[in-house]
Amino acid sequence: MGILLSRIRRQIELNGPMSVAEYMALCLLDPEHGYYTNAEPFGVGGDFTTAPEISQLFGEIIGAWLINAWHALGKPEPFTLAEAGPGRGTLMRDILRTAAIDPAFKNAANPTLIEASQKLRTNQAETLATEAARTVWLDDFDQLPEQALLLVTNEFFDALPIRQFIHHKGRWMERCIGLNDHEALRWQVGTQRITAQELPRGATENEEEGAITEIAPARESVMAKIANHVAKHGGAAINIDYGHAKSGLGDTLQAMQKHEFVDPLIAPGQVDLTSHVDFEALTRVAMLEGAYAFPIKTQGDFLIQCGLLERAGRLGAGKSVKVQDQITADVQRLAGDGDKDMGNLFKVFCVTQKSSTALPPFGS
């Protein structure tokens, strides 16, 4: 039995059922036994593969978009070039390599990684190599300097804790984690209610018994900080994650281990826990903070409109058939619409200071 599982059991025995948000926070972020403290989650040998790990094409397209956005925003100097939740640092490495095509952009940028895990910081410094010397690491968004910000997040919001509510006997009650007669973790209905005014859009008081809806105060808090900073100091934030464009019903909590979906309750601290991002909710938060949120795009549309196919063609020119086939497969995975592709499931959400500034492929 894992140490973290024992602690969770004791906490439930002492304090009663645990919310999904508290469970996720413990499983992922516990400083001693949390998933991101101890696991090697990324890549073929880990539990999941992110877009930057699939192909350099992803980071190069993001890097080119950032350069173009910097020009469209009036070339603020200096500015913070930041990534939150940067994993192994692969995306920032590819962005900074791409930045070499525009020395003015690279010279004005202050590379910054928002990362609380010391273990991951070490990995990121190794990935960035010589660029690590001028890179700044921050614990959270509150430490961002008061200057223009160009921010990238990729599969960041999905790992922030959520709360779940279940429609039980005509009321929306918090869905919690308790213990069964054998002291195994199990789902149960808690005592905390949510009012009709607090329900996300798409959920009503008249749903079927057992319907589930989710809210994400932690995500909304982070988005509020990002939008507030951009509104005050200028810049833009591009956020890439899987989720839905409209708020609604459904249990989207999932656990991943060795690239397979598993029960979220079986191995606390040893599996990755995420849920789908509600982009409609994040849009409302950004607008309330005085920023402008463009309508979301699918990852496939964004990458193709930003020149993915052309860049892939140049990358494969003169290469062996094997290399070209791999590039084709990578493009399909990143932008395709198949069941195992990212093109439709993943969305791209852009927040900027002014609605009058077009940031192609986003309109004004």
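Predicted model: local features only at pLDDT ≥ 70, side-chain atom pairs only at ≥ 80, totals over all residues.
**Entry 1: strand 2**

I began with strand 2, which covers residues 79–84. I looked up how covered the strand is, and found that 6 of its 6 residues are buried. Next I sorted the side chains by direction. Phe79, Leu81 and Glu83 point one way from strand 2. Thr80, Ala82 and Ala84 point the other way. Both sets are buried, and I noted that Glu83 is included in this.

Then I asked which strands are joined to strand 2. One of them is strand 3, residues 109–114, joined to strand 2 by 6 bridges. The two strands run parallel. As an example I took glutamate 83, whose bridge partner in strand 3 is leucine 113. Strand 5, residues 149–154, is also joined to strand 2, here by 5 bridges. This pair runs parallel too. On this side I picked leucine 81, and its bridge partner in strand 5 is leucine 150.

Strand 11 consists of residues 254–257. With strand 13 it pairs over 3 bridges in the antiparallel sense. Strand 11 is joined to strand 12 by 3 bridges, and this pair is antiparallel as well.

I followed alanine 255 to both sides. Its bridge partner in strand 13 is leucine 273, and its bridge partner in strand 12 is valine 262. For methionine 256, the bridge partner in strand 13 is aspartate 272.

**Entry 2: valine 271**

I looked up valine 271 next. This residue lies in the loop between strand 12 (260–262) and strand 13 (272–274). Is valine 271 buried or exposed? Its relative accessible area is 1%, and buried means under 20%, so valine 271 is buried.

I listed its contacts, leaving aside neighbours within four places in sequence. Ala255, Met256, Gln257 and Val262 are among them. Leu28 and Tyr35 are on the list as well.

Valine 271 and alanine 236 are 35 residues apart in sequence, and their C-alpha atoms are 32 Å apart in space.

**Entry 3: helix 9 and helix 10**

For two packed helices, the description is the angle between their axes and the distance between the axes. I looked up both values for helix 9 (residues 217–233) and helix 10 (residues 279–288). The angle is about 40 degrees, and the axes are 8 Å apart. The two helices are therefore oblique to each other. Their crossing is right-handed.

Which residues make the contact? From helix 9 I wrote down Arg219, Glu220, Met223, Ala224 and Ala227. From helix 10 I wrote down Ala281, Leu282, Val285 and Ala286. By class, the contact has 7 nonpolar and 2 charged residues, with no polar ones.

Definitions and conventions
Residues numbered from 1 in each chain as written. Heavy atoms only, no water. Buried < 20%, exposed > 50% of the residue type's maximum accessible area, 1.4 Å probe, protein only. Helix = DSSP H or I, 4+ residues; strand = E, 2+ residues; numbered from the N terminus. Pairing = 2+ DSSP bridges. Contact = heavy atoms within 4.5 Å. Axes fitted to C-alpha atoms, helices over the stretch in contact; angles between N-to-C directions. Parallel < 35°, antiparallel > 145°, perpendicular 65-115°, else oblique. Left-handed = near helix turned anticlockwise from the far one by under 90°. Nonpolar A, V, L, I, M, F, W, Y, C, P; charged D, E, K, R; others polar.
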